[in-house]
Amino acid sequence: PYLEYYGLAVDQWDLSNGLPKFPIWDRYALVVYWDSTYSKKQELERWVLENIKNGVKFLFIDSFPSERSAFLSELGITLKQGKDNVELKLEYKDPILDFEIVHQVFSNKFVDIKDAQTLLLYSGNNGDRHVPIASTWWGAFALKGTYVITLQEDLFVVEPFKFYERLLKDVLPFSLDPVTTENGRRILTIHIDGDGVNQRPE
């Protein structure tokens, strides 16, 4: 519902049917990738990089589509394996975090990125930086524990409206309103039927 709020139409794609075979750059502004089961990693890497080159933004939730270093380096990302005994210290937290629930951070992997707006930054006592959520020139990523945490219901770690506003700041001014809106505002239609005056069964 967060993307529809801005007048954007959302399509869901079943990856069991494979990746889209048609161009998406002329119809989609953003691809939200929330999956870790797609097995054809190199095919997926090529598809992601090709569409980023064509101007499509990507949001990776919980994990990256591939952790191969050659792929991540194209996105400006470095990933290192962490250790259980590494202590993490919070260096920076963006105000849009800890919205409905406090974030969780894991030290089994250290992620760092160049040319990005860091929303959460930790440093380890081994000297490594860890950035589990960031907004970048190609989109954004929110690793496990920084987007949604599920307890009895889904609770947002990041304030979704402000998060998507930042992510789509170059797109939102040009989005088209769907037919259910007028000038971007939802239409409430009320119909009062007075036929019962003459037609008692109604």
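**Serine 135**

I started with serine 135, which I found in strand β7, residues 129-136. The model is a predicted one. I then listed its contacts, leaving aside neighbours within four places in sequence: they are Ala116, Gln117 and Ala140.

**Aspartate 94**

Gln117 came up again when I turned to aspartate 94. With neighbours within four places in sequence left aside, aspartate 94 is in contact with Gln117, Leu119 and Arg166. Aspartate 94 belongs to the loop between β4 (88-93) and β5 (109-113). Is aspartate 94 buried or exposed? I read a relative accessible area of 3% for aspartate 94, and the limit for buried is under 20%, so I put this residue down as buried. Which side chain makes a polar contact with that of aspartate 94? I found arginine 166, at 2.9 Å.

I stayed in the loop between β4 and β5 for aspartate 98. Its phi is positive, about 60°, and the residue is not a glycine. I noted this because most residues other than glycine have a negative phi. Aspartate 62 is another non-glycine residue with a positive phi, about 75°. I located aspartate 62 in strand β2, residues 57-62. Its relative accessible area is 30%, so I marked aspartate 62 as partly exposed.

**Lysine 21**

Next I looked at the segment before β1 (30-33), where lysine 21 is found. The relative accessible area of lysine 21 is 72%; the limit for exposed is over 50%, so lysine 21 is exposed. I also took a C-alpha distance from lysine 21 to tryptophan 47 and got 9.7 Å. These two residues are 26 residues apart along the chain.

**Aromatic residues**

I have tryptophan 47 in one aromatic cluster with Tyr33, Phe58, Phe60, Phe64, Trp138 and Phe141.

How many aromatic pairs does the structure hold? The total I have is 12. I checked the pair of tryptophan 13 and phenylalanine 22: the ring centres are 5.7 Å apart and the planes lie at 70°, so the pair is edge-to-face. For tryptophan 13 I read a relative accessible area of 43%, which means it is partly exposed. Phenylalanine 22 is also partly exposed, with a relative accessible area of 29%.

I then looked at phenylalanine 163 and tyrosine 164, which form an edge-to-face pair with 5.7 Å from centre to centre and 65° between the planes. Phenylalanine 163 has 2% relative accessibility, so I counted it as buried. Tyrosine 164 is buried as well, with a relative accessible area of 4%.

**Lysine 144**

My last entry is on lysine 144. Over which ring does its charged end sit? I found the ring of phenylalanine 106 there, with the charged end of lysine 144 at 5.6 Å from the ring centre.

Key: Residues numbered from 1 in each chain as written. Predicted model: local features only at pLDDT ≥ 70, side-chain atom pairs only at ≥ 80, totals over all residues. Heavy atoms only, no water. Helix = DSSP H or I, 4+ residues; strand = E, 2+ residues; numbered from the N terminus. Buried < 20%, exposed > 50% of the residue type's maximum accessible area, 1.4 Å probe, protein only. Polar contact = N/O pair within 3.5 Å; in protein donor to acceptor, adjacent residues only side chain to side chain. Contact = heavy atoms within 4.5 Å. Phe/Tyr/Trp six-rings, centres within 6.5 Å; stacked < 30°, edge-to-face > 60°. Lys NZ or Arg CZ within 6 Å of the ring centre and 35° of its normal.
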